[in-house]
There are 4 protein chains.
Amino acid sequence: MDKYILLAQCKDQLNVTAYISSIISNHQSNILHIDHFTEYEKDSSDEGELYLRFEFDKAPDVKEALEAGLHERGITYRLYDSAEKMKIALFVSKEDHAFNELLLRVERGEMPAEIVCVVSNHETNKHFADNLGIPFYHVPSGRDKDIVETEIIEICEKYEVDLIVLAKYMQILTSRLVTRYKNQIINIHHSFLPSFIGANPYKKAWERGVKLVGATSHYVTEDLDEGPIIEQDVIRINHRYNVKDLRKIGRHIESTVLAQAVEYHTEHKVIITEGNKTIVFN
Amino acid sequence: MDKYILLAQCKDQLNVTAYISSIISNHQSNILHIDHFTEYEKDSSDEGELYLRFEFDKAPDVKEALEAGLHERGITYRLYDSAEKMKIALFVSKEDHAFNELLLRVERGEMPAEIVCVVSNHETNKHFADNLGIPFYHVPSGRDKDIVETEIIEICEKYEVDLIVLAKYMQILTSRLVTRYKNQIINIHHSFLPSFIGANPYKKAWERGVKLVGATSHYVTEDLDEGPIIEQDVIRINHRYNVKDLRKIGRHIESTVLAQAVEYHTEHKVIITEGNKTIVFN
Amino acid sequence: MDKYILLAQCKDQLNVTAYISSIISNHQSNILHIDHFTEYEKDSSDEGELYLRFEFDKAPDVKEALEAGLHERGITYRLYDSAEKMKIALFVSKEDHAFNELLLRVERGEMPAEIVCVVSNHETNKHFADNLGIPFYHVPSGRDKDIVETEIIEICEKYEVDLIVLAKYMQILTSRLVTRYKNQIINIHHSFLPSFIGANPYKKAWERGVKLVGATSHYVTEDLDEGPIIEQDVIRINHRYNVKDLRKIGRHIESTVLAQAVEYHTEHKVIITEGNKTIVFN
Amino acid sequence: MDKYILLAQCKDQLNVTAYISSIISNHQSNILHIDHFTEYEKDSSDEGELYLRFEFDKAPDVKEALEAGLHERGITYRLYDSAEKMKIALFVSKEDHAFNELLLRVERGEMPAEIVCVVSNHETNKHFADNLGIPFYHVPSGRDKDIVETEIIEICEKYEVDLIVLAKYMQILTSRLVTRYKNQIINIHHSFLPSFIGANPYKKAWERGVKLVGATSHYVTEDLDEGPIIEQDVIRINHRYNVKDLRKIGRHIESTVLAQAVEYHTEHKVIITEGNKTIVFN
């Protein structure tokens, strides 16, 4: 059942929803789903920012009419065709857990996406990509970052990539790559942010004696570990878990949190706000 | 910030949302929030049932215009004024846990409700009601059910009760009372339904060796334990929990599940479907 | 760091722990960990059944002395060498999720086990086994059960299998195979048992309108869906999940619950009680 | 069923468990439960610290013999009689949620404790204490800290308090009081530590756009928010929660986390390690 998905945002105005839904209805398209959220600065309804998501049936001319209407009112929007799968470049280093979790979920058809290529600074996980017939690119690190990222951008452009997923890709991206794929790079961080920012979070968690450990999936921005959070989860531990056990259980929670975040993104359910946060219409 | 809340349902039609949102906007009322869900029988968009919830600012004549409009289109609806607190009669027997949890949350102003009276077949919890200045009615059981429920209905009618909450009220209601307050009675059941229906669920759970125990809050219908489920939750246990421990931990999960369900109901977030289920717009 | 693991059970007696720990200590072996649990029938300490797990360093003669001592006192026990990995035959039909989750966790060294062979009534998942160099046996169903299970037992005996894991193997085993591998077959059931026993649990869950769905991993006994539960978990859903969505989310919870149950078993942390339950020393 | 509870710790030695369990058994006392945990510095078994908890039946002379034996071997220990309820002074400011949760659980007999007095810098919650017949002391703040804490210590000494619980007592204690009741003061912190240390954690959580909020119960030390963590939990939120909603949901998680931590402590299940962490034998 093909449909369109609209993500829109604007200053809260009197009749935006009536306006949009009328355009859609007037073109004989049925609205399947609406999400609607207004974020208010200070418990006042005057200064809200409105975020919208519509799913509606394909119908003749509805797309063009809607685009014209949104343009006229100055509403920021993105409009997607649900038949078009999102093209993902999957980045990985040596650890396979988050990589395989996402690869297999996509392969099973669990989200509207396809893995068009795998990029890695190691060859460790090549056989997994090969086994599923997915092109694998070994882009070694330890070289000039500019050369490395030039190669990466060439690969991503060749495959017309919509989304880069860093599934335990243990390299810091430069501003150039982050800017080229703004709001199109998702990372998994091995802690419940903002706890334990930086390296060795499981060791820090063990030393602090926390009773839960977690993982955070976020969009990559130029500020390391500070991008908008898409999804987080935690898992209960106890004193019997040593650092090695925390790393093991961390792999499980990292895998599921990243896959969930990517699923939300590929279903066009995520909007990034001005305030460096996400609206996730799930 | 006073507002109206509309709950509506109808067969899925082409422009219901546009129709409703236009009426609201045309009366200079701002839409603060929309929830929109269509349930399809069989993955087809032809036969859907549409459920809607709108929050919108109070404005002159918007209520009357909307009621006329909904009536004209044959849309089933309820329209609430957020300034009007829901009046709850809280029923309890000897155990105080679910009773106190709800009483205290309401007292703190955590939901738009007030406990207008407490009804009990015991006097055990009278002092809690007295301490907060809430009228307490001792309606002993062990008498003819018809007499008992006549007294109950008189009390509820005196206080113009909108909702009866059975917070571990260990008496089975007759069809008469259930019918009088149709979709207005919420119960807490001490298991993760449909597991362990009937008496002694914690003993049964212990005997089966389950690794999680739960609680279920549901609307009361004439079929015991079969009413529409509003909220459920579970808590992890292990082999060290004996039946007494399960009852203790069960009290905690019962308390929070019931309070959450009542909160949803008082915020007008729950719609009961034709299929004996609930839509909870949370 | 190689060590021994002892699982023992007996009627609760005055000095069993002192007796066992003395034998171990007297042979210069350090006790690394003790788990100790007494299950009482009726809150009385008279009729308890004692369950024990010891981890202790390898030391000369400690194994032989302990075996003699346990034998003398009539204590039921199993004694394992932590250096010996458990040999698993992994059974699967068409769905790959639980299969791949376990395969990859074992491959990463997350539990003391190896997958020695894969058995399937379909060839769908052969390439995953091939890619990791694991022998794959296609044992078609639709034939006489006795012939099928004779082939299965031959394969399992050839590989000296310690544990059979049914990772969505959609065939009912006969009493013959269940008896041959008593307490050595682990299954994943696609519901939070005892809810929704039997076929189509996700459809039943959707129809009942539950707010959480779950999965249960249990030992296989001759009574279908009634074996001792090792692990269960649930995941929150809402009205927006249709039956297809429930199946998708069900795959995730099935995968992690089965893998966790198998991990406990391979670490010799599970004891099955007389009462058809499990003690999991986790 | 009265029993003794032993908490002990020492450098890991060859036969400590055999030694202790033999003393107990030799006095005809049955061991009901053992918890045993060795924490190793660096995955080596050489330098471990051993933590033990025994529950055993009362029997003539067993207490004296055990104390003598532990003393002789230089083992640090505490020995409790399960019949002696722990005496709690409950501290609260204006917010009643964590206070009432603990008060009611203790009143129901859910843990081996009694609230012997309530101390508050406000009179807001006096009526709750009065209603249950518990002495209430109004100790106003805004005065010299030394005077305030002198009054507090006098009250606690009068009631021979074993444990001070800060149930949203919004005053910082001085070193004097913390030292006087070392390892005997439990606090609830309104965030998932170490996230959002300091003031206004719910506002900070909202600004960072986290997807879960939590609470942490810990022993109070002289370093604010840095004491050993006893219990933590989190609850899922979404973009629809504003700061006020986070405070509301925060109250629920604070209440249950504090009550659980106090329950563990009163059951003598918690040992504080050298490394500023806790072992919780639950």
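**Exercise 1. How much area is buried between chain D and chain A, and what percentage of it do carbon and sulfur atoms give?**

Conventions come before the solution. This is a predicted model, in which local features need pLDDT of at least 70 and side-chain atom pairs count only at pLDDT 80 or more, while totals for chains, interfaces and linings use all residues. Residues are numbered from 1 along each chain as its sequence is written, chains are lettered from A and ligands numbered from 1 in the order in which they are written, and side-chain values use heavy atoms, with hydrogens and water left out.

Step 1. Buried area is the accessible area (1.4 Å probe) that two parts lose on being put together, summed over both; for chain D and chain A it is about 3,000 Å², with 53% given by carbon and sulfur atoms.

Step 2. Of the area that chain D buries against chain A, 25% is supplied by Arg208(D), Lys211(D) and His239(D), more than any other three residues supply.

Step 3. Counting salt bridges (a side-chain nitrogen of Lys or Arg within 4 Å of a carboxyl oxygen of Asp or Glu) gives 6 between chain D and chain A. In one salt bridge, the side chain of Arg208(D) meets that of Glu226(A) at 3.8 Å, N to O.

**Exercise 2. Determine the number of salt bridges between chain C and chain D, and describe the contact.**

Step 1. Contact, meaning heavy atoms within 4.5 Å, involves 23 residues from chain C and 23 residues from chain D.

Step 2. These two chains bury about 1,900 Å² between them, 53% of it on carbon and sulfur atoms.

**Exercise 3. Describe how helix α8 of chain C is placed, from its span to its burial.**

Step 1. Helices are DSSP runs (H or I, at least four residues), as strands are (E, at least two), numbered from the N terminus. Helix α8(C), residues 243–266, has 24 residues and reaches 34 Å from its first C-alpha to its last, close to the 34 Å expected at 1.5 Å a residue, where the expected span is 1.5 Å times one less than the number of residues.

Step 2. With buried meaning under 20% relative accessible area (1.4 Å probe, protein chains only), 20 of the 24 residues of α8(C) are buried.

Step 3. Just after α8(C), His268(C) takes a positive phi of about 55 degrees.

Note on methods
Buried means under 20% relative accessible area, exposed over 50%, partly exposed in between (1.4 Å probe, protein chains only).
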